[in-house]
Amino acid sequence: MELIVISDSKFKLMLTSSDMASYTGNTKEILREIINDAQTKCGYAPISGRVFIQMYPSREGGCELFVTKLEHHDNIKMHRGEERALAEYKKYIPKEKRIIYSFDEMSYLLGCCYGLWQTGYLGASTAYVDRDRHNYYLMLDNETHIAGENMGSLCPGYTYYYINEHCDVICGEQAAEKLGRLA
């Protein structure tokens with residue numbers, strides 16, 4: 001495990017595949033254990049309170065974690081570009097109604113949109129693409145079984161941070177209707 005201090009409230013952890021293999025349990029327990037180990041093994045000051053964790057796989061089979069201590073939920077510092085994406089996202093779907101589905105193929109996304117359109121879905125919907133990983137995302141303001149029927153996976157709410165940083169908008173407003181007509 002290697003730790004790089006970025007600032008007083010942010011650090012980067014690099015774990016090898018053997019480092020990662022030593023952790024077991026559910027995700028929350030593993031992340032807490034990794035951060036505690038980083039603090040004791042690497043001599044970093046303890047972090048208390050809420051944290052924002054970004055995790056990226058490394059080429060060697062390990063991972064890189066960026067851990068940011070959050071002073072307050074609304075005070076998250078945004079990088080250039082993230083502010084634009086977040087503003088774009090908030091424009092289409094209210095913060096309290098973020099239901100995100102991911103799809104491995106565009107045809108599954110289109111099938112979901114078609115199903116929503118056919119059933120008369122009237123809620124907000126926005127579609128995104130991650131061109132690097134070839135993933136597609138659909139943000140809705142309500143959960144739906146139609147996404148699961150079209151190979152969609154319900155994502156955790158924090159996925160929108162990833163989308164804001166790495167994805168492009170396919171269809172901004174009323175994606176379910178517009179893309180459903182294309183399917």
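Me: A nonpolar core is a set of buried Ala, Val, Leu, Ile, Met, Phe, Trp, Tyr and Cys residues joined through side-chain atoms within 4.5 Å. Which residues touch the most other members in the largest one?

Reply: Phe 103, Leu 109, Leu 116, Leu 138 and Leu 179 do, out of 20 residues in that core. Buried is under 20% relative accessible area, exposed over 50%, and partly exposed in between, with a 1.4 Å probe and protein chains only.

Me: What is the model, and how is it numbered?

Reply: The model is predicted, so local features need pLDDT of at least 70 and side-chain atom pairs count only at pLDDT 80 or more, while totals for chains, interfaces and linings use all residues. Residues are numbered from 1 along each chain as its sequence is written, and side-chain values use heavy atoms, with hydrogens and water left out.

Me: Which of them gives the most?

Reply: H4, with five residues.

Me: And what is Leu 179 in contact with, leaving aside neighbours within four places in sequence?

Reply: Leu 109, Leu 110, Cys 113, Ala 127, Ile 170 and Cys 171. Contact means heavy atoms within 4.5 Å.

Me: Let's look at H5. Where does Ile 146 stand, buried or exposed?

Reply: Ile 146, which is found in helix H5, is buried, with a relative accessible area of 8%. Apart from neighbours within four places in sequence, it is in contact with Cys 112, Gly 115, Leu 116 and Thr 119.

Me: Different topic. In what order do the strands of the open sheet run?

Reply: Four strands form it in the order S1-S2-S4-S3, with antiparallel pairing. Two strands pair if DSSP finds at least two bridges between them. S1 (2–7) and S3 are the edge strands, each pairing on one side only.

Me: How many bridges join S3 to S4?

Reply: Seven, and those two strands run antiparallel. Met 55 stands opposite Leu 65 in S4.

Me: How many aromatic pairs are there?

Reply: Three. Rings of Phe, Tyr and Trp (its six-membered ring) pair if their centres lie within 6.5 Å; planes under 30 degrees apart are stacked, over 60 edge-to-face, the rest tilted. One of the pairs is Tyr 56 with Phe 66, edge-to-face at 6.1 Å centre to centre and 70 degrees between the planes. Tyr 56 is in S3 (residues 51–57) and Phe 66 in S4 (residues 63–69), so this pair ties together parts 10 residues apart in sequence.

Me: Are those two buried or exposed?

Reply: Tyr 56 counts as buried at 18% relative accessibility, and Phe 66 is buried at 17%.

Me: What does Cys 63 touch, not counting residues up to four places away in sequence?

Reply: Leu 13, Met 14, Leu 15, Met 20, Met 55, Tyr 56, Pro 57 and Ser 58. Cys 63 is in strand S4 and is buried, at 3% relative accessible area.

Me: How many residues of H6 are buried?

Reply: Six of eight, so H6 (residues 159–166) is mostly covered. The buried ones are Thr 159, Tyr 160, Tyr 161, Tyr 162, Ile 163 and Asn 164.

Me: What are the totals for the chain?

Reply: The chain has seven helices and nine strands. Of its 183 residues, 42% count as buried. Of the contacts between residues at least 6 apart in sequence, 66% join residues at least 24 apart.
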